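Here is a short briefing for a first look at a protein chain. Keep the sequence and the 3D view open as you read.

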Amino acid sequence: MQLVVFDLDFTTKRERFGLKQIFPDQIDGPPKLVSIDDFVGKQKRKSRDVPRPIPIGSRTIHENKIVTDRRGTPITVFDGASHALSELNRIKKERKLPIRVGISSRTDEPSWAYQCMKWLVVSDGTPLVECFDQELIEISYADKSRHFESLNRKTGIPYEMMSFFDNEYWNIQSVGNLGVKCFHTPQGMTKEAWNQALKEFEMI
């Protein structure tokens, strides 16, 4: 495995968007930072029930702050995505393997995605944005096979040494036709999908 690529698609239907592999929830409006105290306080004022706990995956580069959308819904990182990206950081450091990490996206709100990625961190404490090679972020409405043709030209990495995680099966089929090893993750990125990829590339 020399290149790992994640889907990071947005949809804007009804003024909502979601990052399909990294972030689990649909998001209403641009992201913002709020203090945990303010978030919990709002929860208490809205209900007599005990306020819900701070969601897993909401850690940011700012202590005691989380990211929410304009309605106050927390924006978090999928546990599976956080795990996979942290593992990639560890593998590159400990094994000295030159694995590169990219994104294949058809989002029409890239600025929202970048802002979330700058604030949120994965489980090893690395800011999400630093987990990706910036020159390997493909964002366009083109078929995702075109994204991978571009990644191949940029890196020289053979398709069979690339892995791709996506929730849309037609993207899996399109990219898979190039020879990329694809992993269908209809509910978002999971630890199981990551372990399957490691097994496919005989890394465990």
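The points below run from the whole chain to single residues.

This is a predicted model. The chain has 204 residues, and 49% of them count as buried. Six helices and nine strands make up its list of elements.

**Confidence**
- The mean pLDDT of the chain is 85. A score of at least 70 is reached by 85% of the residues.
- Helix α4 (residues 144–155) has the highest confidence, at 98. Strand β2 (residues 16–17) has the lowest, at a mean of 34.
- Read residues 10–19 with care: pLDDT stays under 50 there. The model still has 35 contacts beyond four places in sequence for this stretch.

**Overall build**
- Take the contacts with a separation of 6 or more: 64% of them join residues 24 or more positions apart.
- The chain exposes about 10300 Å². Carbon and sulfur atoms supply 47% of that area.

**Nonpolar cores**
- In soluble globular proteins, nonpolar side chains tend to be buried together.
- The largest nonpolar core here has 35 residues. Phe-6, Leu-85, Phe-132, Phe-165 and Trp-194 have the most contacts inside it.
- Five elements can be traced on the model as giving two or more residues each to this core: β1 (3–7), α2 (79–94), β6 (100–105), α3 (110–119) and α6 (191–200).
- Helix α2 gives the largest share, five residues.
- Another core, of 12 residues, lies apart from the largest one. Its members include Leu-3, Val-5, Leu-151 and Val-175.

**Helix packing**
- Helices α2 and α6 pack at an angle of about 35°. Their axes are 8 Å apart.
- On the α2 side, the contact is made by Asp-79, Gly-80, His-83, Ala-84, Glu-87, Leu-88 and Ile-91. On the α6 side, it is made by Lys-191, Trp-194 and Leu-198.
- By class, this contact has five nonpolar, two polar and three charged residues.
- Helix α5 (residues 169–176) has Asn-171, Ile-172, Ser-174 and Val-175 buried. The buried residues of α5 pack against α4, β8 (162–166) and β9 (181–184).

- Thr-68 sits in strand β5 (residues 65–68). Thr-68 counts as buried because its relative accessible area is 1%, under the 20% cut-off.
- Beyond four places in sequence, Thr-68 touches Pro-30, Pro-31, Lys-32, Val-34, Thr-73, Pro-74 and Ile-75.
- Val-121 is in the loop between α3 and β7 (137–139). Val-121 is buried too, at 6% relative accessibility.
- Contacts of Val-121 beyond four places in sequence are with Arg-59, Thr-60, Ile-61, Val-77, Thr-126, Pro-127 and Leu-128.
- Val-121 and Cys-131 are 10 residues apart along the chain. Their C-alpha atoms are separated by 9.3 Å.

**Two residues with positive phi**
- Most residues other than glycine have a negative phi.
- Lys-96 has a positive phi, near 60°. Find Lys-96 in the loop between α2 and β6. Lys-96 is exposed, with a relative accessible area of 66%.
- Glu-202 also has a positive phi, near 55°. Glu-202 lies in the segment after α6. Its relative accessibility is 70%, so Glu-202 counts as exposed.

Methods. Residues numbered from 1 in each chain as written. Predicted model: local features only at pLDDT ≥ 70, side-chain atom pairs only at ≥ 80, totals over all residues. Heavy atoms only, no water. pLDDT = per-residue confidence, 0-100. Helix = DSSP H or I, 4+ residues; strand = E, 2+ residues; numbered from the N terminus. Contact = heavy atoms within 4.5 Å. Core = buried A, V, L, I, M, F, W, Y, C linked by side-chain atoms within 4.5 Å. Buried < 20%, exposed > 50% of the residue type's maximum accessible area, 1.4 Å probe, protein only. Axes fitted to C-alpha atoms, helices over the stretch in contact; angles between N-to-C directions. Nonpolar A, V, L, I, M, F, W, Y, C, P; charged D, E, K, R; others polar. Areas by Shrake-Rupley, 256 points an atom, 1.4 Å probe, with all protein chains shown as cover.
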